[in-house]
Amino acid sequence: MIRKVIALGGAGCVAIPAIALLTAIGVGAGVTACIGTSAGGALAPDAPVPVEARAWIREAKAACPDLPEPWIAAVMAQESGFRPDAYADDVNGGTWGLFQINESIWTGVYGHGFDADLDANGVRDIADPSIHARVGGTYLCNRLGGVREIRADHPDWASSRLPVLDALIIAHNAGESRLRTYPTIPTITAKFIENVNRRVAEWSTVPDAGLRSDLPDDAAGTGFANVPTPEPSGPLDTSGVGCLPGLGSGDVVVPAGTPHDVATAVRTAMSYVGVTSGWHQLCDRLACRAYGYVGSGYPTAAEHWRQMVATGNAHPGDACPPLGSFVFWRTGRPAGHVSVVVQADPGCDPEKIMVTSNGVFDSATGNHGGVYLLSFARLNAGYVRGAGYLGWSNPVCQGPELPKSTVHPAPSRW
């Protein structure tokens, strides 16, 4: 059994001199706007959403693939309680339907007013759930595009630092002018955001990275005879998805003077970003792959963390992980999750700390066990309502090492 410890120190981030040269590692163009709407998984099977409403949610998502199903469902619940005939009176002539759209907006998107019944089925189109869902999805997509333009034009506005879907709710519920006044917004709008975010957290599927035990694959430590049959690897599935093909990609920098083992690990971890399959539920294996191992040698990421705590290699609760460290989460599932830090930040900004992770954007991309680059903040938000972070550890792995001649990215079976 091979066991390796690379001590990274206990001080979290270490400031890098301003004159230090930086080496950039790129894996494709940044698509942070797309990432901003696509994390969070699909609508959970046990979410309290009527069966018929799930079809309407899919209609809206087909019209605007950038919007996650749980978010669409949460907005629909907030606006109408999933009632196609919901009506609210106001000074502008009232709002109708699943998304509570007023007549001027409906006419602008649909081309016909509230009285239209183009399919002659006896139900006005504004109250016909399938039609309303499609038109509503188009309307929300158009408004999302407008919000993104405003944020690009006014990066200094406080609202431009909000999650983009929160900003979309402000525009939808109170008008784009309120993006300028944020954080001064109507109380009803603030409550709208709160309710939607709560429902999204409750109704989303939990990312499945780390669900499967790694133990059968590499715990015996006798070499490659014990490795599993690989999952099929193939091209990106582009059917029915909106954020393609670079979701979860981008660049990181490795500061000059970074220890060779850590710099090599970062480069190796980054080489897996963009792989579209083969890493389903294998987070612990993926983390140790960066340091040249077949797998972790631990049964799960959760057990890996427990062993790091027991051996003094863990830094519980420290949210400023150094470059090359392993960061661990409690996910609400037994196996937990671990990722590799591929970009640290001297100021400990969770939006600037970058990690690699498997599976997290699979529902948006159509991948199965894909590998992505994302911020610590975004990954943290996905686990146990943002309260699942355990801490970071030195990158300790055990078990068989890969051959020195291995070319990365290598299949998960190796």
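Visitor: How many residues does helix H3 have, and what span does H3 reach from its first C-alpha to its last?
Guide: In this predicted model, helix H3 runs over residues 69–80. At 1.5 Å a residue, a span of 16 Å is expected. H3 is close to that figure, with 12 residues and a reach of 16 Å.

Visitor: What covers the buried residues of H3?
Guide: Among these buried residues are Pro70, Ala73, Ala74 and Ala77, and also Glu79 and Ser80. Their cover includes helix H2 (51–63), helix H5 (129–153), helix H6 (164–174) and H8.

Visitor: Which residue just after H3 takes a positive phi?
Guide: H3 ends at residue 80. Just after H3, a phi of about 60 degrees is taken by Gly81.

Visitor: What is the phi of Gln100, and where is Gln100 found?
Guide: Most residues other than glycine have a negative phi. Gln100 has a positive one, near 50 degrees. Its relative accessible area is 10%, so Gln100 is buried. Gln100 is found in the loop between strand S4 (95–96) and strand S5 (101–102).

Visitor: Does Gln281 count as buried or exposed?
Guide: Gln281 lies in the loop between helix H10 (260–271) and helix H11 (283–289), and its phi is positive, near 65 degrees. The cut-off for buried is under 20% relative accessible area. Because its relative accessibility is 14%, Gln281 counts as buried.

Visitor: Which residue does a cis peptide bond join to Pro409?
Guide: Most peptide bonds are trans. Pro409 lies in the segment after strand S13 (397–398). The cis bond there has an omega of about 5 degrees, and the residue joined to Pro409 is His408.

Visitor: Where does Pro183 lie?
Guide: The peptide bond from Tyr182 to Pro183 is cis, with omega near 15 degrees. Pro183 lies in the loop between helix H7 (177–181) and helix H8 (187–203).

Visitor: Over which residues is the pLDDT below 50?
Guide: The mean pLDDT of the protein chain is 82, and 79% of its residues reach 70 or more. Where pLDDT is low, the predicted coordinates should not be read in detail. One stretch below 50, with 23 contacts beyond near neighbours in sequence, is residues 10–22. Another, with 78 contacts beyond four places in sequence, is residues 209–241.

Key
Residues numbered from 1 in each chain as written. Predicted model: local features only at pLDDT ≥ 70, side-chain atom pairs only at ≥ 80, totals over all residues. Heavy atoms only, no water. pLDDT = per-residue confidence, 0-100. Contact = heavy atoms within 4.5 Å. Helix = DSSP H or I, 4+ residues; strand = E, 2+ residues; numbered from the N terminus. Buried < 20%, exposed > 50% of the residue type's maximum accessible area, 1.4 Å probe, protein only. Expected span 1.5 Å × (residues − 1).
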